[in-house]
Structure formats: structure tokens, C-alpha cells
Amino acid sequence: MALKVFISYSTKDFLTVNFVQSLLASAPVEVFVAEYDVLPGTPLSPAIIAAIKQCDLFLLLWSVNSKDSEWVPQEIGIAASDNKQIIPVVLQSGLALPGFIRDLKYLDVPKDPQGAFTWLRDNIHARATQQQQSANLGWLAVGAALLWLFTREE
């Protein structure tokens with residue numbers, strides 16, 4: 001079972017989106033990027049809402065562009081109201097997070113780009129690995145219980 005990560009972004013920051021998606025490629029992670037994951041002709045709103053509700057982690061790429069986006073603030077609101085863990089990645093200096101997530105610790109890319117993206121990659125890889133190990137243990141327990149049921153003597 002892969003860790004589901006929703007990336008919220010402005011299409012004007014698409015180079016960064018692609019970079020972040022490539023950082024996560026080697027982990028057991030399903031990354032939702034609307035540009036790639038919503039087929040042409042499909043209504044965007046229901047697909048995006050469903051992806052946010054199903055994600056394990058909401059990754060916000062915050063920039064002047066995403067601040068001015070029609071979609072990004074709404075996506076943040078949906079994630080916050082659904083109690084999703086939000087990791088804000090601030091892409092530009094001096095840019096405050098929106099009011100209702102302003103108190104979240106964020107990754108400050110302008111201050112330390114390499115450190116921020118390394119932390120992001122390592123943290124999400126660790127989460128994905130931990131989730132996969134937990135799922136494997138769950139299946140192992142189910143298998144052990146079934147084995148016990150089928151091999152016990154009556």
C-alpha cells in the first residue's frame with residue numbers, strides 16, 4: 001500500500017512540481033498531480049476533492065502564484081477541514097502562509113533549498129516505508145490467524 005501524497009500547486013510553478021514529483025519517485029508513494037492524474041474532459045473539482053480526501057499527506061507548494069491561484073486556497077481549506085497533515089513548502093522569501101495554516105512549521109526553500117528538498121524526500125520516503133511495513137505486519141497477522149484457524153485440532 002503506497003503512501004498517497006497530494007501536491008497542491010499553481011500551474012505557473014510546474015517546474016518545481018515536476019522536481020518534487022521526481023524526488024518521490026523511488027519510494028512507495030502515489031503522488032497526485034492534477035495536471036497528470038485528471039484526464040482531459042473529466043470535471044476537475046470532484047477529482048481533486050476525492051484525491052485530497054484519500055491522501056495521507058497534503059504537500060503545499062506555496063508561492064506568490066499559488067497564493068493568487070483560484071484553486072490552491074480551496075484545496076488547503078478542504079485538506080484542513082478533513083484534518084489532513086499539511087506540509088507547506090514555501091518557495092519564495094517573505095511569503096506568509098494563509099491565516100488558517102499560518103501556525104504550521106514550513107520548509108523554507110529560499111533559506112536552504114538543498115536542505116529543504118532533502119528533508120522532504122527523506123521524510124516522505126520514511127513515512128512511505130513505515131506505512132508499508134505496518135501494512136505488511138497487518139497482512140502477516142491475518143495470515144498467522146488464518147493458519148492457526150486452519151491447523152488447530154478440534
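Author: What follows describes the chain in outline, then its salt bridges, and then its aromatic pairs.

This is a predicted model, in which local features need pLDDT of at least 70 and side-chain atom pairs count only at pLDDT 80 or more, while totals for chains, interfaces and linings use all residues. Residues are numbered from 1 along each chain as its sequence is written, and side-chain values use heavy atoms, with hydrogens and water left out.

The protein chain contains six helices and five strands; these are DSSP runs numbered from the N terminus, helices being H or I with at least four residues and strands E with at least two. Along the sequence their order is β-α-β-α-α-β-α-α-β-β-α. Of the 154 residues, 38% are buried, where buried means under 20% relative accessible area, exposed over 50%, and partly exposed in between (1.4 Å probe, protein chains only).

There are three salt bridges in the structure, each defined as a side-chain nitrogen of Lys or Arg within 4 Å of a carboxyl oxygen of Asp or Glu. In one of them, Asp82 pairs with Lys53, and the closest N and O atoms are 3.6 Å apart. Asp82 lies in the loop between helix 5 (72–81) and strand 4 (86–90), and Lys53 lies in helix 3 (residues 44–54), so this pair ties together parts that are 29 residues apart in sequence. Asp82 is partly exposed, at a relative accessible area of 28%, and Lys53 is partly exposed at 43%.

Asp82 also meets the side chain of Lys84 in a salt bridge, at 4.0 Å from N to O. Lys84 is buried, with a relative accessible area of 18%.

Arg121 is partly exposed at 30% relative accessible area, and Asp122 is partly exposed at 40%.

The structure also holds five aromatic pairs, that is, rings of Phe, Tyr and Trp (its six-membered ring) with centres within 6.5 Å; planes under 30 degrees apart count as stacked, over 60 as edge-to-face and the rest as tilted. Among them is the stacked pair of Phe6 and Phe58, at 5.4 Å centre to centre with 10° between the planes. Phe6 lies in strand 1 (residues 3–8) and Phe58 in strand 3 (residues 57–62), so the pair ties together parts 52 residues apart in sequence.
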